[in-house]
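Take a look at the structure before reading on.

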Amino acid sequence: PLAVAQCPNCTGNAPVVQNATFEPGTDCECSGTTSLTIGPNVTVKSGANATFIAPDINIKSGVVFEQGSTVSLLWIKEPISIDITADPTDIPADGYTYSIITAVFKDGDGDPVPKGTPSTFTTDLGTFPDGSQTYSIQTYDDTGTIATFLRAGTTAGTATIEATLGSTKKQAQVTIWDLVTATLTVEAIPD
């Protein structure tokens with residue numbers, strides 16, 4: 001999956017991205033709740049990935065998408081809804097057991113968001129497949145669904161997993177329970 005970072009100064013109600021260069025190696029997302037304007041004087045260089053999400057996207061003159069850059073324009077109507085679940089909801093703090101986290105993202109009309117829509121998952125306990133507590137991933141088909149997993153660490157507690165798309169956030173919880181250490185004493189009693 002493509003890692004996605006929030007681009008600076010390009011998210012909000014109706015952001016305007018202007019006088020900006022997306023350098024090679026940049027993977028980022030800009031989103032507008034009501035609209036998003038790109039330009040003037042915006043360049044997405046070869047090797048950069050930029051995703052622009054809003055119900056209304058306006059591209060002004062003076063915008064250059066260089067050959068070799070990846071630019072995604074996603075017209076997604078707000079408000080976005082997120083349904084997030086964890087299965088199972090209780091796992092041991094053994095460092096390797098995991099819970100499958102599934103999130104379904106829908107636009108303001110109740111339709112699934114398009115394939116390639118980026119979202120971010122965070123947790124305060126345990127880790128995602130890349131070993132981090134922040135995991136960015138894109139929807140892999142037109143159902144608006146993303147499935148990933150939360151791996152338990154060795155610390156017990158309640159993990160709060162949050163899925164984010166644009167300004168919409170939704171949470172699920174997984175209880176990571178402490179392993180119990182038992183001692184068994186065997187005593188031989190002669191006849």
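The notes below cover the disulfide and then a further cysteine.

This is a predicted model: local features need pLDDT of at least 70, side-chain atom pairs count only at pLDDT 80 or more, and totals for chains, interfaces and linings use all residues. Residues are numbered from 1 along each chain as its sequence is written, and side-chain values use heavy atoms, with hydrogens and water left out. A search of the whole structure finds one disulfide (a pair of cysteine sulfur atoms within 2.5 Å).

**The disulfide**
- The partners are Cys10 and Cys30, with their sulfur atoms 2.2 Å apart.
- Cys10 sits in strand E1 (residues 5-12) and Cys30 in strand E4 (residues 27-32), so the bond ties together parts that are 20 residues apart in sequence.
- Strands (E, at least two residues) are DSSP runs, numbered from the N terminus.
- The torsion about the S-S bond of Cys10 and Cys30 is about -80°, so this disulfide is left-handed.

**Burial of the pair**
- Cys10 is buried, at 2% relative accessible area.
- Cys30 is also buried, at 1% relative accessibility.
- Buried means under 20% relative accessible area (1.4 Å probe, protein chains only).

**Cys7**
- Cys7 belongs to strand E1.
- Cys7 is buried, with a relative accessible area of 7%.
- The C-alpha atoms of Cys7 and Cys30 are 6.0 Å apart, and the two residues are 23 residues apart along the chain.
- Setting aside neighbours within four places in sequence, Cys7 is in contact with Phe22, Cys28, Glu29 and Cys30 (contact means heavy atoms within 4.5 Å).

Technical notes. Helix = DSSP H or I, 4+ residues; strand = E, 2+ residues; numbered from the N terminus. Buried < 20%, exposed > 50% of the residue type's maximum accessible area, 1.4 Å probe, protein only.
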